[in-house]
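User: I would like to learn how to read salt bridges and helix packing in a model. Can you take me through them step by step?

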Amino acid sequence: MDLVPVPHPDSPHSDNSGGAGIGIGGGGPASGALSPAASPSRYESQKRRDWNTFGQYLRNHRPPLSLARCSGAHVLEFLRYLDQFGKTKVHTPACPFFGHPAPPAPCPCPLRQAWGSLDALVGRLRAAFEENGGRPENNPFGARAVRLYLREVRDHQSRARGVSYEKKKRKKAPAHPVPAAVISSSSPHDGNGHSHHYEHQMPPPPPPGAAA
């Protein structure tokens, strides 16, 4: 397989925001085109750039590959291809800094796409595929092989970089029983609608002559 270089979606030198998207079967404009007056969100803008970049990758594929024939294996090729544009240092097992979250010196280990970037990219492309006419059951970005690959990248980079990608669970505040006296004092009315003013006694007035 011969590939023509495609700019990385997040590269500052890439210019993939323009042009038509690719629909199922190729050639059609992307659905949901925005009017000049509309201002797309940052997520929508990035998704459109990613979709155009992937379309360019398919057109530059040798032989050219239509979206209708794209499979999970082709998505994996695309993700591995993007590694050459990565900026995340991933230490090899032979590197003395393997598993070190803050290496004290440079090393010749390769730069790769960070797992978080790949995971977010796949999510955007998965949504764009269906927005452009693709059927969910045929979505190559949701293939099992793609999910397993992302999991392997996450685990490998976690070990190599000495960082954890596990989501921190939010601790629930312990439930403290409320004293009955507090409950009664906080309820100005009983079940019959009568006010309990004696639960909220005002402080005694100051002695005469105490006020300035």
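**Salt bridges and helix packing**

Analyst: This is a predicted model. The count comes to five salt bridges.

User: What is the general idea behind such pairs?

Analyst: Side chains of opposite charge can pair when their charged atoms come close. Take E44 and K47: their closest N and O atoms are 3.2 Å apart. Both lie in helix α1 (residues 42-60), three residues apart, about one turn of the helix.

User: Is E44 buried or exposed, or in between? And K47?

Analyst: E44 has 34% relative accessibility, so E44 counts as partly exposed. K47 has 3%, so K47 counts as buried; the cut-off for buried is under 20%.

User: Which salt bridge links distant parts of the chain?

Analyst: D50 and R124 meet in a salt bridge, 2.4 Å from N to O. D50 sits in helix α1 and R124 in helix α3 (residues 115-131), 74 residues apart. D50 is buried at 0% relative accessible area. R124 counts as buried too, at 12%.

User: Now the helices. How are two packed helices described?

Analyst: By the angle between their axes and the distance between the axes. Here helix α2 (residues 72-82) packs with helix α4 (residues 144-161) at about 30°, axes 8 Å apart. Angles under 35 degrees count as roughly parallel, so α2 and α4 are roughly parallel to each other.

User: Which residues make the contact?

Analyst: From α2, G72, V75, L76, L79 and R80; from α4, A145, V146 and Y149. These residues divide into six nonpolar, one polar and one charged.

Notes
Residues are numbered from 1 along each chain as its sequence is written. This is a predicted model: local features need pLDDT of at least 70, side-chain atom pairs count only at pLDDT 80 or more; totals for chains, interfaces and linings use all residues. Side-chain values use heavy atoms; hydrogens and water are left out. Axes are lines fitted to C-alpha atoms, for helices over the stretch in contact, and angles run from 0 to 180 degrees between N-to-C directions. Helices (H or I, at least four residues) and strands (E, at least two) are DSSP runs, numbered from the N terminus. Angles under 35 degrees count as roughly parallel, over 145 as roughly antiparallel, 65 to 115 as roughly perpendicular and the rest as oblique. Contact means heavy atoms within 4.5 Å. Ala, Val, Leu, Ile, Met, Phe, Trp, Tyr, Cys and Pro count as nonpolar, Asp, Glu, Lys and Arg as charged, and the others, Gly among them, as polar. A salt bridge is a side-chain nitrogen of Lys or Arg within 4 Å of a carboxyl oxygen of Asp or Glu. Buried means under 20% relative accessible area, exposed over 50%, partly exposed in between (1.4 Å probe, protein chains only).
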